[in-house]
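I opened my notebook beside the model and wrote down what I looked up, in the order that made sense to me. Please follow along with the viewer open.

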Amino acid sequence: MKVVRVVGYHQDLKLEEAPEPTITSPLDVIVKIGAAGVCRTDLHILEGQWAEKSNVNLPYTIGHENAGWIHAVGDAVSGLTVGDKVILHPLVTCGLCRACRFGDDVHCEDSLFPGINTDGGYAEYIKTGARSVIKLDPSLEPADVAALADAGLTAYHAVAKAARVLRPGNVVVMIGAGGLGHIGVQVMKAISPATLIVIDRNPAALKLAKELGADHVIQSGDDGAFIKEVQSLTGDRGAEAVIDFVAEGGSTSTGIRMLRQAGNYYVVGYGENLNIPTIDIISSEINFIGNLVGSYNDLAELMVLAAQGKVKLHTTVYKLEDFQTAIDDLSAGKVRGRAILVP
Ligand SMILES: [Zn+2]
Ligand SMILES: [Zn+2]
């Protein structure tokens with residue numbers, strides 16, 4: 001089969017021939033790839049940023065946002081039939097460790113991450129485990145949802161966590177209305193009665209956020225006037241929750257100033273350091289909450305919203321062979337929505 005592989009860091013990906021994956025364990029599942037999302041993490045992998053963390057042997061096949069059709073299943077797999085449309089939770093988990101038993105798939109103690117530390121979905125077929133497979137509603141196609149497997153899942157995980165404690169009349173601020181943020185807006189409006197304020201530097205992103213249901217959109221800038229706007233929209237108390245999809249370029253220091261007493265600050269993006277006097281933390285009782293990808297159940301719930309038409313993803317389709325164009329376009333900021341590769 002055709003695969004697109006990392007052959008070396010700081011080198012271009014390479015299209016190669018490789019044997020199809022085979023069932024070697026009773027809970028293995030082989031999926032015929034319908035689409036694989038092209039993610040900024042793929043660029044970071046090529047830059048070598050993941051080399052030490054993943055410890056992967058080169059060459060290997062990247063692609064961690066995968067959906068397709070069941071191709072083969074191991075002896076112990078039930079409930080899946082060849083040809084079923086599926087999306088894959090990004091990790092292959094053990095099901096036996098303490099984290100797995102809490103439904104906290106991301107922190108499994110014995111997991112594989114196809115596309116990161118083992119062969120992924122820039123290919124015609126991928127091997128995963130039965131625990132990672134979610135069947136799609138008949139109304140959904142693999143290419144419509146593949147990119148929700150990571151970007152969408154991460155947004156859902158953070159937004160659903162915030163929504164669980166938000167009440168009618170509460171206010172939530174989202175910083176960043178890009179790839180993750182525009183999914184976050186749709187999820188928040190679908191599952192929470194809280195008033196949603198979206199902040200971004202980019203007027204086009206704000207226009208989209210408004211179309212997707214944001215109650216208020218505010219353009220951020222260097223003068224900090226947007227903080228005053230948030231304060232006035234919250235009766236000078238601040239928001240119950242701030243969800244930061246950016247966490248770069250000073251967004252956290254301004255974001256914290258929009259939070260009310262005992263509010264929750266959800267960190268999703270990463271890059272900069274939090275800088276806040278500890279006395280401000282104790283006196284205000286604000287909470288900082290980290291968010292990493294999402295669980296199997298998060299992805300299953302997100303697929304319900306997708307099937308209900310409440311979460312839609314704009315995608316730009318490339319043939320698998322045109323992987324380099326997709327990578328170059330993503331790198332140059334030329335992709336509208338999310339890029340996907342289709343074999
Ligand atoms: Zn990704
Ligand atoms: Zn586990």
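**Entry 1: the core**

I started with the largest nonpolar core and found 102 residues in it; V172, V173, M174, V198 and I243 have the most contacts inside it. For my own reference, a nonpolar core is a set of buried Ala, Val, Leu, Ile, Met, Phe, Trp, Tyr and Cys residues joined through C-beta atoms within 7 Å. A residue is buried if 20 or more other C-beta atoms lie within 10 Å of its own, exposed if 12 or fewer, and partly exposed in between, with C-beta atoms placed from the backbone.

Which helix gives the largest share of this core? I found that α5 does, with eight residues. Domain 1 (2-150 + 294-342) and domain 2 (153-290) both contribute residues, so the core lies between them. These bounds come from an automatic or database domain assignment.

I then picked V172 and listed its contacts, leaving out neighbours within four places in sequence: A162, L166, M188, A194, L196, A239, E240, A241 and I243. Contact here means C-beta atoms, placed from the backbone, within 7 Å.

A note on what I am reading: this is a predicted model, where local features need pLDDT of at least 70 and side-chain atom pairs count only at pLDDT 80 or more, while totals for chains, interfaces and linings use all residues. Residues are numbered from 1 along each chain as its sequence is written, and chains are lettered from A and ligands numbered from 1 in the order in which they are written.

**Entry 2: the whole chain**

I noted twelve helices and 16 strands in the protein chain. They are DSSP runs numbered from the N terminus, helices being H or I with at least four residues and strands E with at least two.

Does the chain have the radius of gyration of a compact globule, or a different one? For 343 residues such a globule would have a value near 20 Å, and the chain has 20 Å, which agrees. The radius is taken over C-alpha atoms, and the globule rule is 2.2 Å times the number of residues to the power 0.38. The C-alpha trace spans about 60 × 40 × 40 Å along its principal axes. Buried residues make up 47% of the 343.

The centres of domain 1 and domain 2, taken over C-alpha atoms, are 29 Å apart. The contact uses 13 residues from domain 1 and ten residues from domain 2. On the domain 1 side, α11 supplies the largest share, five residues.

I checked how covered α5 is: eleven of its 13 residues are buried, among them Y156, H157 and V159. At 1.5 Å a residue α5 should span 18 Å, and its end C-alpha atoms are 18 Å apart, which agrees. The expected span is 1.5 Å times one less than the number of residues.

For α11 (residues 296-307), the buried residues are Y296, D298, L299, L302, M303 and A306. Seen down the axis they fall within an arc of 155°, so they line one face of the helix. The arc is that of the directions from the helix axis to the C-beta atoms. Their cover includes β6 (85-88), β8 (133-135), α4 (142-145) and α5 (151-163). Just after α11, G309 takes a positive phi of about 75°.

In α7 (residues 203-211) I found A205, L206, L208 and A209 buried. They cover an arc of only 160° around the axis, which puts them on the same side of α7. P203, A204 and E211 are exposed on the other side. Among what covers the buried residues is β11.

V217 lies in β11 (residues 216-219). V217 is buried, with 21 other C-beta atoms within 10 Å. Not counting residues up to four places away in sequence, V217 touches V198, L206, A209 and K210.

Most residues other than glycine have a negative phi, and most peptide bonds are trans. I therefore looked for exceptions. A cis peptide bond joins L58 and P59, with omega about -5°. N55 has a positive phi near 60° and counts as exposed, with 8 C-beta neighbours inside 10 Å. A247 has a positive phi near 50° and counts as partly exposed, with 19 such neighbours.

Notes
Two residues are in contact if their C-beta atoms, placed from the backbone, lie within 7 Å.
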